[in-house]
Amino acid sequence: SRSTLEWQQLDSAHHVHPFTDPKALTKRGVRVITRADGAYVWDSDGNKILDGMAGLWCVNVGYGRQELVDAATRQMQELPYYNSFFQTATPSQIELGQALAEVTPPGLDHFFFANSGSEANDTVIRIARHYWHLKGKPNKRTFIARTMGYHGSTLAAVSLGGMPHMHALDKVLLPGFAHIMHPHWYTLGGTLSRSEFGIVAARALEDKILELGPDNVAAFIGEPVQGAGGVIDPPETYWPEIQRICRKYDILLVADEVICGFGRTGQWFGSQTFGIEPDLMPMAKGLSSGYLPISAVAMNKRVFEAVNEGGLLAHGYTYSGHPAACAVAIANIRLMQREKLVERVREDIAPYFRARLQELADDHPIVGELRGSGLLAGLQLVKDKAKRTIFTTEDDAANKCRDLCLDHHLIMRAVGQTMVLSPPLIITRAQVDELVSKVKIGLDLTARHFGL
Ligand code: PLP
């Protein structure tokens, strides 16, 4: 096999990296990840690194699960590909629907398959607009989403999302998308209590609906906990109020479960943790634990019945319900059920993980707050804890902290000035201890760098 330097030279000769500043890549050189097991990955220098991000919030069952590999292998030998366009279906497509219906909230039991979270959200947009067209209200087209929401990287998904730096790349959004404030109490709550702020942030939806006119609004979409926008779990008053407003104005409610789904928050879906009853529920990542690309959109009876009676659904992908990806997703769900991973997160490991991180956050001079839910955590970096002053983009404390953690063999992600953790659901208490002690080293060294 090649040396690290050879890998790096070859990589920079041909590979354009997603969401990466090429200058930063040149400075440190790409780290080549060559293998993985459980909660760890290894790089091409043989370093063993604790994966605090479960890949990209997706390897929920951990690395090296042979039964997922076997499911893919068997399926690829038997039937590597067939589509579901020609009034056809394959056994693994059919059985994945059955397995999913066992774990999704009651009523959300029809599924459209795609390959990524972005495609799932494009599908949501098309299905919601199709739905209103079928209902005789074709003007109900606009989607309302939130600033700092992340829904993917296709042109429609990026317009749906509210990430300012992503909008800047294209300068303009597609028409038909509007955004309201994200429910981040720490930065936007002012003097309001958390629960008062939850209501205020949700009422921004009502204001936006009235501004646009309810007859022009198709749906509201939100992640139960905003992930890539900084792991923002809303106050407990927020989602019930959003739900009430959607019902009042007859707006479809979409819960983007791409990160929160499959046990991350201690229930199968974040909607269950936060008491949301969505009409449409896109999911990806944890659906196959990232072993193969696959996503799905769950729809409730109301949407399914309209779509089912609406004639041709002119939408789909060559790899909608790819047989091998479906086989892996079934094996993944069965494994999670057998090992009771969701219960384990809720009752054992997440409470421990959060208690350990909370101790660290309370004591640490550069941590303003711990956010998140279950095994999804964000640590807000601040330069003045008392005044809640967040580091600036120029300070770049979070990327500094990320690099320091990596030097100490922990993968932690920096989003804005928040440090993010989303470890595999199989992480043990001993591994949580290792993770927290490495996070502490990263934070201590970052604080020292800034003289704090
Ligand atoms: N929705 C959410 C909430 C996500 O976090 C992501 C990816 O991180 C996506 C959608 C897009 O998924 P993909 O990268 O698979 O297109």
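Figure 1. Residue numbers start from 1 along each chain as its sequence is written. Because the model is predicted, local features need pLDDT of at least 70 and side-chain atom pairs count only at pLDDT 80 or more, while totals for chains, interfaces and linings use all residues. The C-alpha trace spans about 60 × 60 × 45 Å along its principal axes. A compact globule of 452 residues would have a radius of gyration near 22 Å, and the chain agrees, with 22 Å. This radius is taken over C-alpha atoms, and the globule rule is 2.2 Å times the number of residues to the power 0.38.

**Figure 2. Helix 5 against helix 14.** Helix 5 (residues 91–103) packs on helix 14 (residues 323–338) at an angle of about 30°, and the axes are 9 Å apart. Axes are lines fitted to C-alpha atoms, for helices over the stretch in contact, and angles between N-to-C directions run from 0 to 180 degrees. Helix 5 is therefore roughly parallel to helix 14 (under 35 degrees is roughly parallel, over 145 roughly antiparallel, 65 to 115 roughly perpendicular, and the rest oblique). The crossing of helix 5 and helix 14 is left-handed, meaning that the near helix is turned anticlockwise from the far one by less than a right angle; clockwise is right-handed. The contact (C-beta atoms, placed from the backbone, within 7 Å) includes L96 and A99 of helix 5 and A327 and I330 of helix 14. By class, this contact has ten nonpolar, two polar and two charged residues. Ala, Val, Leu, Ile, Met, Phe, Trp, Tyr, Cys and Pro count as nonpolar, Asp, Glu, Lys and Arg as charged, and the others, Gly among them, as polar.

**Figure 3. Helix 4 against helix 14.** The axes of helix 4 (residues 66–78) and helix 14 come within 8 Å and cross at roughly 150°. Helix 4 is therefore roughly antiparallel to helix 14. Their crossing is right-handed. Among the contact residues are L68 and A71 of helix 4 and A324 and V328 of helix 14. The contact divides into eleven nonpolar, two polar and two charged residues.

**Figure 4. Helix 15 against helix 17.** Helix 15 (residues 341–363) and helix 17 (residues 429–449) pack at about 20°, with axes 10 Å apart. The two are therefore roughly parallel. Helix 15 passes helix 17 in a right-handed crossing. The contact includes F353 and L357 of helix 15 and V432 and V436 of helix 17. Its residues are eight nonpolar, no polar and three charged.

**Figure 5. Residues around the ligand.** Of the 15 residues around the ligand, S116, G117, S118, G152 and V258 come nearest (a residue is near if its C-beta atom, placed from the backbone, lies within 6 Å). The shell divides into five nonpolar, eight polar and two charged residues.

Methods:
Helix = DSSP H or I, 4+ residues; strand = E, 2+ residues; numbered from the N terminus. Contact = placed C-beta atoms within 7 Å.
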